[in-house]
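Work through these exercises with the model open beside you. Try each task before reading its solution.

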Amino acid sequence: MQIWVDADACPVVIKEILYRACERVQIPLALVANQPLGTPKSSLIKSIQVSGGFDVADDYIVEHVTAGDLVITADIPLAAQVIEKSGHVINPRGAEYTAENIRQRLAMRNLMEEIRSTGQNTGGPAPLGHSDRQRFANALDRFLARHGHQ
């Protein structure tokens, strides 16, 4: 099992939680971004820089993820592709995307995109707060425990 991070939009505090968790349970962590990333020195943590462009990092993750891997992303289309490959997905706010809920999430995303295309301002997500960080850390711990990593 490996953890993949859609790192361009992943908050620093979430990356820090992931660094500590991967060291604690000895699971490889790969951060994929189209810009250089500073990561801690560790044989378990690697930063992969892809070329700039729309969905290049997402495409890299989809190409390399294998069944059972965990992906950290808020990108719902990417999450759907990972789930199709029998991977697991948690977003940076601690929500787990599953085969049971991804279609509903995609439909809501598409609806909101359609509303925004009419010029309506739907606002963006609220800033990541302490409760979001805690929810993410708890979701990650539950996931790792379910998959035999304490």
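A residue counts as buried when its relative accessible area is under 20%, as exposed when it is over 50%, and as partly exposed in between. Keep in mind that this model is predicted.

**Exercise 1. Cysteines**

Task: Decide whether Cys 22 is buried or exposed. Then find how many disulfides the whole structure has.

Solution. 
- Step 1. Cys 22 has a relative accessibility of 0%, so Cys 22 is buried.
- Step 2. Cys 10 comes to 6%, so Cys 10 is buried as well.
- Step 3. A disulfide needs two cysteine sulfur atoms within 2.5 Å. Searching the whole structure gives zero disulfides.

**Exercise 2. The overall plan**

Task: State how many helices and strands the protein chain has, and in what order the elements run.

Solution. 
- Step 1. Count the elements: there are five helices and six strands.
- Step 2. Start at the N terminus and read along: β-α-β-β-α-β-α-β-β-α-α.
- Step 3. Look at burial. The chain has 150 residues, and 39% of them count as buried.
- Step 4. Look at contacts between residues at least 6 apart in sequence. Of these, 52% join residues at least 24 apart.

**Exercise 3. The nonpolar cores**

Task: Find which element gives the most residues to the largest nonpolar core.

Solution. 
- Step 1. The largest nonpolar core holds 27 residues. Val 5, Leu 18, Leu 29 and Ile 72 have the most contacts inside this core.
- Step 2. Two or more residues come from each of β1 (3-6), α1, β2 (29-33), β4 (70-72) and α5.
- Step 3. The top contributor is α1, with seven residues.
- Step 4. Follow one member, Leu 18. Leaving out residues up to four places away in sequence, Leu 18 touches Ile 3, Val 5, Leu 29, Ile 72, Phe 136 and Leu 140.
- Step 5. Another core lies apart from the largest one. This other core has 19 residues, including Trp 4, Ile 48, Ala 79 and Ile 83.

**Exercise 4. Salt bridges**

Task: Say how many salt bridges the model has. Then describe the partners of three of them.

Solution. 
- Step 1. Apply the cut-off: a side-chain nitrogen of Lys or Arg within 4 Å of a carboxyl oxygen of Asp or Glu. The count is four salt bridges.
- Step 2. Take Asp 141 and Arg 24. The closest N and O atoms of this salt bridge are 3.0 Å apart. Asp 141 sits in helix α5 (residues 130-146) and Arg 24 in helix α1 (residues 12-25), so distant parts of the chain are linked, 117 residues apart.
- Step 3. Check the exposure of both partners. Asp 141 has 36% relative accessibility, so Asp 141 is partly exposed. Arg 24 has 48%, so Arg 24 is partly exposed too.
- Step 4. Take Glu 96 and Arg 146. Their side chains form a salt bridge at 2.9 Å, N to O. This pair links strand β6 (residues 96-97), where Glu 96 lies, to helix α5, where Arg 146 lies, 50 residues apart.
- Step 5. Take Asp 132 and Arg 135, whose salt bridge is 2.5 Å, N to O. These two are three residues apart in helix α5, so about one helical turn separates them.
- Step 6. Asp 132 is buried at 9% relative accessible area, whereas Arg 135 is partly exposed at 40%. Salt bridges with shared partners join Arg 93, Asp 132 and Arg 135 into one network.

**Exercise 5. A buried asparagine**

Task: Locate Asn 91 and list what its side chain reaches.

Solution. 
- Step 1. Asn 91 lies in the loop between β5 (88-90) and β6.
- Step 2. Its relative accessibility is 8%, so Asn 91 is buried.
- Step 3. The Asn 91 side chain reaches the backbone nitrogen of Arg 93 at 2.8 Å.
- Step 4. The Asn 91 side chain also makes a polar contact with the side chain of Tyr 97, at 3.1 Å.
- Step 5. Beyond four places in sequence, Asn 91 touches Thr 73, Ala 74, Tyr 97 and Phe 136.

Terms used: Residues are numbered from 1 along each chain as its sequence is written. This is a predicted model: local features need pLDDT of at least 70, side-chain atom pairs count only at pLDDT 80 or more; totals for chains, interfaces and linings use all residues. Side-chain values use heavy atoms; hydrogens and water are left out. Helices (H or I, at least four residues) and strands (E, at least two) are DSSP runs, numbered from the N terminus. Buried means under 20% relative accessible area, exposed over 50%, partly exposed in between (1.4 Å probe, protein chains only). A polar contact is a pair of N or O atoms within 3.5 Å; within protein, one must be able to donate a hydrogen and the other to accept it, and residues adjacent in sequence count only if both atoms are side-chain atoms. Contact means heavy atoms within 4.5 Å. A nonpolar core is a set of buried Ala, Val, Leu, Ile, Met, Phe, Trp, Tyr and Cys residues joined through side-chain atoms within 4.5 Å.
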